[in-house]
Amino acid sequence: MNYPVNFEQKIGFDQIKELISSLCISTMGQNFVDKIRFSSNISVIQKLLNQTSEFTKILTIGKSFPAHDYIDVTHDITQLKTPGSYIEQHTLFNLKTSLFTIEEILNYFKETEKEAYPELKNIIDKVNFPGDLLKNAVKIIDDKGEIRDDASDNLRIIRQAITSKLKQVFQETKKAFEKAQKSGWVPENAEITIRNGRSVIPLKVSDKRAIGGIIHDESSSGQTVFVEAPMSFEINNEIKELESEERREIIKILLNFTDELRPSINELVEAYRILGLIDFICAKALFSIKIVAKQPIITHNKPVDIRDAIHPLLYLSHKEQKKNVVPLNLELSPENRILIISGPNAGGKSVCLKTFGILQYMLQCGLLVSASPDSEFRLFDNIFIDIGDEQSLENDLSTYSSHLLNMKYFLRNANKSTLVLIDEFGTGTEPQLGGSIAEATLEQLNKKETYGLITTHYTNLKLAAERMPGLINGAMLFDSEEMQPLYRLQIGKPGSSFAFEIAKKIGFPAHVLNRAKKKSGGKHVRFDHQLQQLEIDKIKLLKQQKKAESADINLSRMIEKYTDLLNSLEKSKKQIIKDANEQALIIIETSNKDVEKTIRDIKEAGADKIVTQEIRKVLDNKKEKLKVKQKKESPKTKELNTVNKNKKKKNHLKESEIIKDEQINEGDFVMIKNTDIIGELITIDGTDALLNVNDVKIKTKVSKLIKSVAPKFNIVKRKGYNDIVSDINEKMVNFKLTIDLRGKRADEALSMLQKYIDEAILLNMKEISILHGKGYGILREIIRKYLKSVDEIKTFGDAPIEFGGSGITRVYF
């Protein structure tokens, strides 16, 4: 039971229904939207939620679902139960078209495993209509809604006769027209035309009896008359008789089809009911996708624990304006059933109350909710609300009177299974008296063990929540330094209204504010201010701590990558030395040949001075060419020298700082293998170890550590913490959430993808897209085979249809 009568309008659920209705394809689906009802039956609610969740899965990762021609013909076919009645031609066309859609839906679920969509398949299994019905409808009516010529043998003969007669009419009319034209009876530029469905000849009024025949019409000027030729008149009469015969034959065909249809009318009505239900569930799923809704955990008697909840209407409104919504976290338990929310005006108290109210109502109406799937919702038998102004001139009802009537109803009908939502509790009358009545009401609701959310500015209600078991305070936080609300609920402490701060921000006269502070008592203002500011500072510190922890994790990953790179260089060193030795042998061998040839040439020349000089020049030229060649190959030599230099340094470090054959323990100084990184071992957790290196925490494997002595000075200059964070930030800025691999060769695409995935993991990305196109699906298959091998990837699949479908793979880490 819900209160008041206009509950859905108060909570905003009527707008939710309008949005869902607009997403329906048919009136059948819209009729189901009008039938949405509140329920406290957990099995019914779970069933409705499962149906919507399954359809959401179809729309996001499944193949294309039939979404056309959801036509309701139930009213028309129900009229056919009377014997002797027959289906109208347009109704038959709509029946055929919609039966095609039903058949497509049945085939869709036949091609999928029942385990994938169990609730939806249970619905579809109830559809039953004769398979020949659609086939016979197709034989009778075509895709333009016309009865086919071959719907019966007799109809085909009749239509052939009509076609032949029409040709005769045209020929006779044309012959008469040409005769009249030659005789000068036809007005200038006139042609054969149609009047009353018959071909006629335009004649001058003075010659209207020249050809005989029947006059059908005359022009507006009265100068021209339209005459049907005598021979055409007889043939047209025959055509009229054939058309009547054609109509009788069509009715006969429709009567026969209706007789075949009549026994299956009840099954067809049920099939169309299910078609409307599918349309309705699809609309709910589409709406769920729009508001990023999920299926939460449902309990009967356990605490309420809602995480990352957002008001669906507020989300859609802010989305259009490209603004963010601050999510709500809220807990209610048997020990703290009623939450008293206080805080500044326009700080989000009412939004908080309405968010919980509409999500709770949506859930108990079988809709997915815009909150974390880890949220736990408790089911209530009753939801009572007191929101807004119910002032009524007709009923002589003031604002406060309406609030009192609501409280009277709450006190009479509330119980353990009731949720009450009261906005601005106690307002509308003299504050002290209103606060006292509100406090007494609150005590009674608490005795009834009712659950609730109540917003207020009254201090006595905040104090009551501190002393009364079952009640707890909550505050909407406000940044008093920036002078702006944070729209974040904190449970456990009351909030301040920040009346003076808000008044100062809008430019209220300072001397009036100072006077007001003296009248109110400065202690209360200072206490509220300090309490709230402590909470703000706490939140800021937590955010900074999270940033630091994230940066430490990223730094650890980068160091691991640099270590792997160094290991790779070590492996390639032998190859570099081997290449260098081979080049040296080639140079020596070539030089020896050139020297021997030079000596031989000198001897053969008989040591002639001029010839000797020429031979030396040739040798010098070859020497210069070798130098040029060495310069070109110098990068390899440089790399070799660097590796050797690093090796010497490393050997020096190992000899002086590594303590061999000793077990490492917490508190020891250790070195990461194949690096110069030395730090203090903080903890060992199984195979993982946590190091402190220059006040930066690094995670690594125990197997990569060697016991060392405490470092006295930095042997190798490394990048500072800020530099590394800066590098990560730069990568984050330049990182794109989509990679385009279309047109790439398989090996090239795989290389690019591996680098892209590594970078995405390094930057803690939650979701990326891989654009590979559809084509023959070869590249898609190679990409997905690689994705299966990456442990950090949680799941992947086709993008939604509207975002590229099977041409894009969406990856979630």
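The model is predicted, so to speak of local features a pLDDT of at least 70 is needed, side-chain atom pairs count only at pLDDT 80 or more, and totals for chains, interfaces and linings use all residues. Residues are numbered from 1 along each chain as its sequence is written, and side-chain values use heavy atoms, with hydrogens and water left out. Helices (H or I, at least four residues) and strands (E, at least two) are DSSP runs, numbered from the N terminus.

**Nonpolar cores**

- The largest nonpolar core holds 104 residues, and M362 and L453 have the most contacts inside it.
- Helix α11 (residues 265-290) supplies the largest share of this core, 14 residues.
- Here a nonpolar core is a set of buried Ala, Val, Leu, Ile, Met, Phe, Trp, Tyr and Cys residues joined through side-chain atoms within 4.5 Å.
- Buried means under 20% relative accessible area, exposed over 50%, and partly exposed in between, with a 1.4 Å probe and protein chains only.
- A second, separate core of 21 residues has I761, I768, L779 and V790 among its members.
- L453 is in contact (heavy atoms within 4.5 Å) with L330, L332, L339, I341, C352, L353, F356, V420, L421 and I422, leaving aside neighbours within four places in sequence.
- As general background, nonpolar side chains tend to be buried together in soluble globular proteins.

- Two packed helices are described by the angle between their axes and the distance between the axes.
- The axes are lines fitted to C-alpha atoms, for helices over the stretch in contact, and the angles run from 0 to 180 degrees between N-to-C directions.
- Angles under 35 degrees count as roughly parallel, over 145 as roughly antiparallel, 65 to 115 as roughly perpendicular and the rest as oblique.
- Helix α2 (residues 13-22) packs on α11 at an angle of about 115°, with the axes 8 Å apart, which makes α2 roughly perpendicular to α11.
- On the α2 side the contact is made by I16, L19 and I20, and on the α11 side by A283, K284 and F287.
- The residues of this contact of α2 with α11 divide into five nonpolar, no polar and one charged.
- In these counts, Ala, Val, Leu, Ile, Met, Phe, Trp, Tyr, Cys and Pro are nonpolar, Asp, Glu, Lys and Arg are charged, and the others, Gly among them, are polar.
- Helix α3 (residues 27-34) also meets α11: their axes come within 7 Å and cross at roughly 70°, so α3 too is roughly perpendicular to α11.
- From α3 the contact takes M28, G29, F32 and V33, and from α11 it takes Y272, R273, L275, G276, L277, D279 and F280.
- For α3 with α11, the contact residues are seven nonpolar, two polar and two charged.

**α2 against α12**

- α2 packs with helix α12 (residues 312-320) at an angle of about 60°, their axes lying 10 Å apart, and α2 is therefore oblique to α12.
- Q15, I16 and L19 of α2 meet P312, L313 and L316 of α12.
- This contact of α2 with α12 has five nonpolar residues, one polar and no charged.

**Backbone geometry worth a look**

- A cis peptide bond joins Y3 and P4, with omega about 5°.
- P4 sits in the loop between β1 (2-3) and α1 (7-11).
- V292 is not a glycine, yet it has a positive phi of about 55°.
- The loop between α11 and β6 (297-299) is where V292 lies, and V292 is partly exposed at 41% relative accessibility.
- Y487, also a residue other than glycine, has a positive phi near 55°.
- Y487 belongs to strand β15 (residues 484-491) and is partly exposed, with a relative accessible area of 43%.

- I664 lies in the loop between α21 (634-657) and β16 (669-672) and is buried, with a relative accessible area of 14%.
- Not counting residues up to four places away in sequence, I664 touches V670, L681, I684, V702, L705, I706 and K707.
- Q181 is found in helix α9 (residues 153-182) and is partly exposed, with a relative accessible area of 43%.
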